[in-house]
Amino acid sequence: MIRQPSRHCTVELQAVPARIGHVRRIVSAQLRYWRLDALIDPAALGVTELLANVHRHARPSKQCTVELCVLLDQLTVSVHDEDPRLPRIRAADTWDTCGRGLALIAALSESWGVRPDGSGKVVWFTLPALTTAPEEACTVRGYLEPLPLEDTGTAAGPCPGIRGTRVG
């Protein structure tokens, strides 16, 4: 039984530090509007990590699209950029100041992945969008739980190819 129709939001931006905070506020406001308050922190953190990766690594441009998609009881957050190089989880040493973004995405999400898309790629993650028990809506995996190092890029992920209204 479908309790709610699908919900979708798209934000197009250039991934520069000044815009990342703005997108976090848009994501937070949209999730509040959808009454998914329990997902604001993990979704905003995940979006920040993915946009920081676009800012740091994407070539030739920093242009990207952030999508939020709720289908049934799952929120999918995805970031599409124009760089075809696919990211991988890497093992960061204790004192490294970067290199933990995808490991963080893997730890905070139910699932995640990467897929080629046109001339670029999409990196996505999902969170359970349960509205009945906010304290159970997002469970963060333990730090020592194994991360998915293989097969993360094979699934297209929920909500592939869905486009919605531009925001921002």
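The protein chain exposes about 9500 Å², and carbon and sulfur atoms supply 54% of that area; the areas come from the Shrake-Rupley method with a 1.4 Å probe, and for residues only the protein chains shown count as cover. Please keep in mind that this is a predicted model, where local features need pLDDT of at least 70, side-chain atom pairs count only at pLDDT 80 or more, and totals for chains, interfaces and linings use all residues. Residues are numbered from 1 along each chain as its sequence is written, and side-chain values use heavy atoms, leaving out hydrogens and water.

Of the 168 residues in the protein chain, 42% are buried, meaning under 20% relative accessible area with a 1.4 Å probe, protein chains only.

Now look at helix 3, residues 101-108, where seven of the eight residues are buried. They are G101, L102, A103, I105, A106, A107 and L108. These buried residues pack against helix 2 (40-57), strand 4 (111-117) and strand 5 (120-128), with contact meaning heavy atoms within 4.5 Å.

Strand 4 and strand 5 themselves pair in the antiparallel sense over seven bridges; pairing requires at least two bridges found by DSSP. D117 stands opposite G120 in strand 5. The hairpin of these strands has two residues between them, and G118 takes a positive phi near 60° there.

Key:
Buried means under 20% relative accessible area, exposed over 50%, partly exposed in between (1.4 Å probe, protein chains only). Helices (H or I, at least four residues) and strands (E, at least two) are DSSP runs, numbered from the N terminus.
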